[in-house]
Amino acid sequence: MSVRDQASSGAAEAVPALRVFPLTERNGLRVAGEVVLPTHLIWERALERAVREDEAVYFLELSALTFVDVVGTGALAAAAQQLDDGRRLVLHRPPPALSRVLDMFWPDLSAIEVSMS
Amino acid sequence: MSAVAETFEPFLHPALFYAGEQEYLDGTVSFVRAGLAAGDPVAVAVPGENLDLIRTGLGADADAVRLLDMREAGRNPGRIIPGVLRAFADAQPHGRRVRIIGEPIWAGRTTTEYPACVQHEALINAAFRGRTVSILCPYDTRRLDPHVIADAYATHPTVIHAGTGTGAERDSRAYAPEDVVARYNEPLPPLLGMPSLALSLSFAADSLAPARHLATDEAARLGLTGTRLQDLALVTAELATNSVVHGGGSGTLRVWAEDGYVLCEVHDKGHLADPLAGRRPAARDQRGGRGLLMVNLVADLVRVHTDGEGTTVRCWFAR
């Protein structure tokens, strides 16, 4: 039965991972995996790096990020609100859950720019 | 009895009992016009056909009023306080009385929706206590069951009978909103059809991700797509994480279909003591506290049962 098949495939990823890599071609990070309870700390550390930088634009390459929960999106919004004037975070291909929650609770956060191209 | 009871309460929350279009118009249009004449901000959130009546009754004055179809904006009653009433009231300048007509209960509300509707009406009183706001709630006495009208006396401190001519507001002697919240905190209805067809699984901290994946895959198989499927994933993650963090560390998750809806439900051993949880809008710079609010904003219906034994949250998503 299909549900059982899914159960066995799901068990392989019982502990979700979040991996963070520095971008080589520009200032920023590539983040892959899921932002959920067990990975909140890794995500928050990555965002602290972004806040500490002093370049005007910081890229978060998120095309391999599959899910971000509400707390994770809240941490991103809080990081964006801590940026010095004129600085911004550019999110490249964020997962739909992140965009949905950003639109819901922080629709006019000018320090966050979403790029889908 | 005491000085406290005599304290001036600026929040007004009358029920308006009406029978037929003329009484509806008499009661609602006069409320809107009084607000406009005083320079107060006014919003109307009522079912579409009644919205049309009020819009026509107001004529050109309708342009000065925020008009919302409650069938859409208030489909999930748990969304009405944060997403409709406070969303409007909090955006207005201080010092003005905010006036809102809110009609969350209409004849087409199902028996499944009704407990959430009447709990919402009761919780408006706690949510707006102390605020300079008037919320008028029309009740169709011809089409609503007598027990619904009886409940409206318990959820509203005052009542107005549109048919009496004077439109005078009288105290409701049956006013007891906390009793209503408790009385409708009832066990959720059993699953329709065959319960064995529901996906049912246990989860704990180390299995949150597979639980969400299984729930989302099952919802997709049952016909949920696009944003609705994303919303179910967000809701499942939120409720299951709450169980792990606040609800005893583990819980059970079920997903199934009924009629035009996919349902997901999370049960744990926790107790949800705050009836306004998920009904307060979040300040922009507030950390956390958005989980249950998000659930209320995206689901088409949320029902909760909570007591000393545990908490069950069931969410409906139209497919």
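# Worked exercises on a two-chain predicted model

In this predicted model, the buried residues of α4(A) pack against β4 (65-68), α3 and β6 (112-115) of chain A, and also against α10 and α11 (291-298) of chain B.

**Exercise 1. Which residues of α4(A) are buried, and what do they pack against?**

Step 1. List the buried residues. They are A97(A), L98(A), R100(A), V101(A), L102(A) and F105(A).

Step 2. Sort their partners by chain. Chain A supplies β4, α3 and β6. Chain B supplies α10 and α11.

**Exercise 2. Describe how α3(A) packs on α4(A).**

Step 1. Two packed helices are described by the angle between their axes and the distance between the axes.

Step 2. Read the values. Helix α3 (residues 70-82) and helix α4 (residues 96-105) of chain A pack at about 65 degrees, and their axes are 9 Å apart.

Step 3. Assign the hand. The crossing of α3(A) with α4(A) is right-handed.

Step 4. Name the contact residues. α3(A) contributes V70(A), T73(A) and A77(A), while α4(A) contributes L98(A), V101(A) and L102(A).

Step 5. Classify them. The contact of α3(A) with α4(A) has 5 nonpolar residues, 1 polar and no charged.

**Exercise 3. What does the side of chain B that touches chain A consist of?**

Step 1. Count the residues. On chain B, 28 residues are in contact with 26 residues of chain A.

Step 2. Find the elements. Those giving two or more residues to this side of chain B are α9 (208-221), α10 and α11 of chain B.

Step 3. Find the largest share. α10(B) gives it, with 8 residues.

**Exercise 4. Where is α6(B) kinked?**

Step 1. Check the length. Helix α6 (residues 114-128) of chain B has 15 residues and reaches 22 Å from first C-alpha to last, close to the expected 21 Å.

Step 2. Locate the kink. A kink of about 30 degrees is centred on A122(B).

Step 3. Judge burial. Of the 15 residues of α6(B), 13 are buried, so this helix is largely enclosed by the rest of the structure.

Step 4. Look past the end. G130(B) follows α6(B), with a positive phi near 85 degrees.

**Exercise 5. Are A50(A) and L197(B) buried or exposed?**

Step 1. Apply the count. A50(A) has 21 C-beta neighbours inside 10 Å, so A50(A) is buried. The cut-off for buried is 20 or more.

Step 2. List the contacts. Beyond four places in sequence, A50(A) is in contact with Y58(A), L60(A), A79(A) and L89(A).

Step 3. L197(B) has 11 C-beta neighbours inside 10 Å, so L197(B) is exposed. The cut-off for exposed is 12 or fewer.

Key. Residues numbered from 1 in each chain as written. Chains lettered and ligands numbered in written order. Predicted model: local features only at pLDDT ≥ 70, side-chain atom pairs only at ≥ 80, totals over all residues. Axes fitted to C-alpha atoms, helices over the stretch in contact; angles between N-to-C directions. Helix = DSSP H or I, 4+ residues; strand = E, 2+ residues; numbered from the N terminus. Left-handed = near helix turned anticlockwise from the far one by under 90°. Contact = placed C-beta atoms within 7 Å. Nonpolar A, V, L, I, M, F, W, Y, C, P; charged D, E, K, R; others polar. Expected span 1.5 Å × (residues − 1). Bend = angle between axes of the 7 residues up to and from the residue.
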